[in-house]
Amino acid sequence: MRITLHIGAHQTRTPRLVGAIKSCERAFGRLNIATSSPSHYRPIIANELTRLDGLPPIADEEDAVLAQILGKQTEAQHLIMINEDWAGDRNMMFKGGQLYTEIGASVSRVAELFSQHDVHITMAIRNPAFLINAALTAPSTPASLKWFLKSNDPMDLSWVAPVEQLQEAMPKAQITMWCEEDTPLIWPRILRQVANVPEDTPIRGTIAAISDSLQPEGVERFRKFLRNHTLTSAIQYERAVLAFLDKYADESVMTASCTVPGWTAEIIHDLSLNYEDDIVTLAAKDNVNFLLPATQGELAPDTQ
């Protein structure tokens with residue numbers, strides 16, 4: 001069986017992904033893809049990890065966990081599960097002056113429960129400058145972030161280290177990644193990649209990500225546009241999104257600023273350049289499938 005673990009990261013559209021996968025539950029079920037509720041499988045996994053207390057599970061224990069998660073979905077050939085805390089506790093995401101310093105051990109412990117199966121990892125990353133800004137403005141700021149900002153150089157933050165740690169802990173696992181910033185453009189591709197279905201597979205919830213970035217009028221017009229137009233490729237969808245963003249973007253979302261106390265525009269610029277370097281490095285890695293926009297480098301077309 002294929003097991004897909006989506007591990008976050010925090011402050012990305014993981015909740016949107018949970019909702020979109022839920023909306024596809026019936027269609028995916030017909031394709032033998034199991035999509036149980038997180039409230040069902042998360043405690044099952046957490047309880048089993050607590051019970052094992054660091055010991056590896058035996059085959060019978062693995063089978064029991066999988067059977068408990070699947071329930072009546074006994075014909076499933078693919079199981080999708082989502083939990084951003086599998087990358088690491090949110091409070092500790094900046095522990096040690098880096099991002100997710102315990103990600104390898106944390107994710108591999110979960111994956112070990114399914115060692116007899118084909119485990120795949122999916123993960124969204126975000127510009128560290130805006131990741132930190134989002135974490136600071138969240139209802140509860142991660143404890144490790146307060147310490148990080150007092151004692152560390154933000155230029156040391158890189159997504160390469162946690163991904164390499166993941167690969168070291170799980171050398172056979174395929175990792176599919178994308179940038180949070182690209183999510184509105186590539187959302188249908190993300191859903192299909194997570195589900196491992198062909199690019200022409202009909203799915204629901206394809207505008208969930210772009211709806212965050214459009215004015216209400218733009219959301220309704222985009223829905224109508226999709227009903228009246230058949231977009232047969234990723235590049236057509238992305239060009240349509242760019243056109244609607246050009247005309248109907250919610251400027252309060254699109255022009256969000258980074259307001260980390262004490263940071264200058266130069267720091268934010270340099271962090272963003274480092275992030276771009278990380279993307280290039282990660283996209284070139286073996287066993288990493290990095291989803292980049294098909295329209296990368298294009299200017300937004302005029303609205304038709």
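The points below go from the overall fold to single residues.

1. **The model and its make-up.** Please keep in mind throughout that this is a predicted model. Its secondary structure comes to 13 helices and six strands.

2. **Overall dimensions.** How does the radius of gyration agree with that of a compact globule? For 304 residues such a globule would have a value near 19 Å, and the protein has 20 Å, so the two agree. Along the principal axes, the C-alpha atoms fill a box of roughly 60 × 50 × 35 Å.

3. **Packing and surface.** Buried residues make up 49% of the 304 residues. Among the contacts with a separation of 6 or more, 80% are between residues 24 or more positions apart.

4. **Charges.** I find 26 positive and 38 negative side chains in the protein. The centres of these two sets lie 9 Å apart. Side chains of opposite charge can pair when their charged atoms come close.

5. **Arg13 and Asp212.** These two side chains form a salt bridge, with the closest N and O atoms 3.4 Å apart. Arg13 sits in the loop between β1 (2–6) and α1 (14–23), while Asp212 sits in the loop between α9 (183–195) and α10 (216–228), so the pair ties together parts that are 199 residues apart in sequence. Asp212, with a relative accessible area of 25%, is partly exposed.

6. **Glu61 and Arg51.** A salt bridge also joins Glu61 and Arg51, at 2.7 Å from N to O. Glu61 belongs to helix α4 (residues 59–70) and Arg51 to helix α3 (residues 38–52), so this pair links parts that are ten residues apart in sequence. Glu61 has 22% relative accessibility and counts as partly exposed.

7. **Arg189 and Glu238.** What does the salt bridge between Arg189 and Glu238 tie together? The two side chains meet at 3.5 Å, N to O. Arg189 lies in helix α9 and Glu238 in helix α11 (residues 234–248), so the pair ties together parts that are 49 residues apart in sequence. Arg189 is buried, with a relative accessible area of 18%, and Glu238 is buried too, at 0% relative accessibility. Elsewhere, salt bridges that share partners join Arg13, Arg16, Glu180 and Asp212 into one network.

8. **Asn127.** Do take a look at Asn127, in the loop between β4 (118–125) and α6 (128–137). Its relative accessible area is 6%, so Asn127 is buried. Which residues are in contact with Asn127, once its neighbours within four places in sequence are left aside? They are Glu181, Leu271, Ser272 and Tyr275.

9. **Pro171.** Pro171 is found in the loop between α8 (160–169) and β5 (174–179). With a relative accessible area of 55%, Pro171 is exposed. The C-alpha atoms of Pro171 and Ala240 are separated by 38 Å, and the two residues are 69 residues apart along the chain.

10. **A cis peptide bond.** Where is the cis peptide bond? It joins Gly8 and Ala9, with omega about 10 degrees. Ala9 has its place in the loop between β1 and α1, and Arg13 lies in the loop between β1 (2–6) and α1 (14–23) as well.

11. **Positive phi values.** Asn32 has a phi near 60 degrees; its place is in the loop between α2 (25–30) and β2 (33–34). At 28% relative accessibility, Asn32 counts as partly exposed. Tyr100 has a positive phi of about 50 degrees although it is not a glycine, and its place is in the loop between β3 (78–82) and α5 (103–111). Tyr100 is buried, with a relative accessible area of 2%.

Technical notes:
Residues numbered from 1 in each chain as written. Predicted model: local features only at pLDDT ≥ 70, side-chain atom pairs only at ≥ 80, totals over all residues. Heavy atoms only, no water. Helix = DSSP H or I, 4+ residues; strand = E, 2+ residues; numbered from the N terminus. Buried < 20%, exposed > 50% of the residue type's maximum accessible area, 1.4 Å probe, protein only. Contact = heavy atoms within 4.5 Å. Rg over C-alpha atoms; globule rule 2.2 N^0.38 Å. Lys, Arg positive; Asp, Glu negative; His and termini not counted. Charge placed at Lys NZ, Arg CZ, Asp CG, Glu CD. Salt bridge = Lys/Arg side-chain N within 4 Å of Asp/Glu carboxyl O.
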